[in-house]
Amino acid sequence: MALLRSMLKGLGLLSRESNVPRIYQAAQSYRGVARELLGRKDPDAVPRDVMQRVVSTQQERFYGCLSLPGNLIFFLLFSIAVILHEDITNTYMIESGLRTHLSDGADDMNDRAGIWEWLESSILPRLFAQTDYLGQPYQNKTEWSRVLTYNQIVGPVIIEQQRSKKAWCNDGDGVTGDMYCYSQRTRSSAAFGSQDILPIASPTPNEYAGGNSTVDQRRAYWDSAFQVQTQSSRRLARTMRPEFDIMLPRPQREDNYVIAIYPNTPLALIHDHLQYVKAKEWLDAKSKLVNIRALLINAEVGRPRLQMFSFHIAFSRGGGLFTYVRMNTIFLKSFANVASIVVDILFATHLFGILLMELYRLGRAVGRREARRHLKKGWTILQALTIIGGVAVIVGYCWEFMLRDDVRTAYESVAAHQVQDMPADTNNDGLALIEKADNMNEYMGNFRIVTGLYCLLCMVRFFTSFSAQPRLAVVTTTLEVSAFDIVHFLVVLAPTWLAYALAGCFIFGRRMEEFATLDASIGYCFKLMIEGEYDWPYYAEENYFTTMFWMWTFMVLLNVIMLNLVLAIILDVYGSIRRETGKSETAWLTLWRMLLQLYRRRVWVRSTNLLEALPEMPDEIKEDDLLARFPKMCKEQMHILMEACYFQVSMDDLAAADGQRAMKMALSCKMAIDQVTDTVKALHDGTDETGGPDHPGSGWVKKLADEMAEQNHLMMKLQSKLMLVEKQWQIILDKKAEDALENTADE
């Protein structure tokens, strides 16, 4: 009845004159569909055009599925190569321990006095340990400066600062014009410090085995910290959030005031050195950033590696300190083992094979004069990005090997001087090592981003391969189709999300770090939207009712409604695509048929041969017709081909018999009958001429009767088809109801 009501509603459209041309044009195409659907006589035969589509689909599916193992191998080779080079697990084990151990106690700093106390009592004793765990001093200096037993300091520990200039606030104008300010946007390179001549510890003959230094050399060494070393409520120190990076000073390689402490220096002398620079006011109101850097060698876990420890202390001009820790690893060997070399060679070989294949396809496209069309294909663009990215990764690793050689050469020089126990007062060798290590760390940080993005690019290659298999293509097609609706949905979501982020910044930003900046507020609102969890007492400490309104409306509008709308969009598209594919073959069946085709490749008829032969075959093709044209076709291929054709025919019939298309076909038949009726009426009224001059009106009655009989026959067949579809649908519903009852009974 619903279908009948739809058809009657559609018939009403004919009363509108503006719709007649459009309906007439559509009727021409659907009339042919109706005749094809109702005119089939042999159920064992399949239309030729259906078989052409099936053969083309099978050809694309075969080659598409063959690319899946290649993409998987390429992705695994790249992943294994990066994992072997980066040694992520061991790197985390070492870096996490050092980061926790060396930054312990830093949260208690709140001013310059707190920094000195932390240096003297916490980090320097940990870096320059000269006794064992029982408190017994080591007899050999080679055992000094070990951190967590297995990591030893290499080269000097650098304590450097950057300073601001002192100037009148607002250039002496305004209400604060009589105050001094220390802008973080300025950098000072002037010498500073107290002019008092303070006593220093005199060198002793037993301090260093590699030589002695003088008092003047030591004083010059200690005083060098006060000159620029040119190189290419209570607020405690807190770990700095990334959002605050742009608001606080960052490390620069220029205008740095450096204190260099070497690992072969006795701890008492280190303490005297620190007291000297403290007494000469090395830290004062102009200090804006202190950076502590140290290199540690570890040869116990995996490849020998240098660990770069950096601890940054930023002075906020609003008062208080902010800290953040950075750890980086520099391997002194490029390859962990032979397997790493083999995997790198295989990856490069596979990438070269992709390049040759794409050049071959481009050459064929040029030969067919389809080069522009070939270059515009999505797969061609993806392959080009894969090749360019792979070459960039290989070149990047080669450059990393060169930088590693420079660092290793500098390390060997520093290690030799360290064994010789050269006096720290005259030793400048370790600064070059730290400089080269910084250069390599900066490069590796950027290169890791490249490798991460290339890994995501390899993921996209999987999606292109998945689209060749019907069941796997359901997921990829869902993402592709729903992307348009999601983009339009984001247009609505973005201003709503931004408005709540701004409101949260205004309401909570003065007391909550999560909302203190706009970008931090946007990120935290996204976290709230996805997780749906929040600490209500923390939020409601102030402005209780305002907080209640903001939080509740945010949760209802963004977390409950907006987020579920995204799921609804995706599930709706998935359901419709899943219904269109029907009971398509599974991934396992596709794999089995591919293996079968490879196994029977000698007698398997190629898809190109089938496509060339189909235009010369009958409109309705049977198995005998295929065997007559291809006598050597195996039974397995015949069964797979005809089964796929029958399935495609059933899917076409189901699509043609749905409510909307059935109504269109019925309308097309109705329009044909109306044309006949109009012609008969015109003949009856004498307003239409039907014959030529010799035989006026001859045969028009017979032609009219034949056409009306044909149209009547088509309408009756259409009615029977629709009744059959309705019965089949009712059988399916009854079957589902019986299965549901059986499942209920079993439970």
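Reader: What makes the pair formed by the side chain of Q161 and the backbone oxygen of W282 a polar contact?

Author: A polar contact is a pair of N or O atoms within 3.5 Å; within protein, one must be able to donate a hydrogen and the other to accept it, and residues adjacent in sequence count only if both atoms are side-chain atoms. In this predicted model, a polar atom of the Q161 side chain lies 2.5 Å from the backbone oxygen of W282, so the pair is within the limit. The Q161 side chain also makes a polar contact with the side chain of S287, at 2.7 Å.

Reader: Why is Q161 called buried?

Author: Buried means under 20% relative accessible area, exposed over 50%, and partly exposed in between (1.4 Å probe, protein chains only). Q161 has 1% relative accessibility, so the residue counts as buried. Its place is in strand β3 (residues 151–163); strands (E, at least two residues) and helices (H or I, at least four) are DSSP runs, numbered from the N terminus. Leaving aside neighbours within four places in sequence, Q161 is in contact (heavy atoms within 4.5 Å) with residues including F192, D255 and Y257.

Reader: Which rules apply to the numbering and to the values here?

Author: Residues are numbered from 1 along each chain as its sequence is written, and side-chain values use heavy atoms, with hydrogens and water left out. As this is a predicted model, local features need pLDDT of at least 70 and side-chain atom pairs count only at pLDDT 80 or more, while totals for chains, interfaces and linings use all residues.

Reader: How do you know that D421 and K141 form a salt bridge?

Author: A salt bridge is a side-chain nitrogen of Lys or Arg within 4 Å of a carboxyl oxygen of Asp or Glu. The closest N and O atoms of D421 and K141 are 3.2 Å apart, so the pair meets that rule. D421 is buried at 7% relative accessible area, whereas K141 is partly exposed at 24%. By this rule the count comes to 21 salt bridges.

Reader: What makes R408 and D405 a salt bridge, and where do they lie?

Author: Their side chains meet at 2.3 Å, N to O, which is within the 4 Å limit. Both lie in helix α10 (residues 378–420), 3 residues apart, about one turn of the helix. R408 is partly exposed at 25%, and D405 is partly exposed at 36%.

Reader: Which parts does the salt bridge of E541 with R511 tie together?

Author: The closest N and O atoms of E541 and R511 are 3.6 Å apart. E541 lies in the loop between α14 (536–539) and α15 (544–581), and R511 in the loop between α12 (470–508) and α13 (518–531), so the pair ties together parts that are 30 residues apart in sequence. E541 counts as exposed at 57%, while R511 is partly exposed at 26%.

Reader: How do you know how far to trust the coordinates of residues 231–240?

Author: pLDDT is the predictor's confidence in each residue, from 0 to 100. The mean for the chain is 80, and 83% of its residues reach 70 or more. Over residues 231–240 the pLDDT is below 50, although this stretch has 37 contacts in the model beyond near neighbours in sequence. Where pLDDT is low, the predicted coordinates should not be read in detail.
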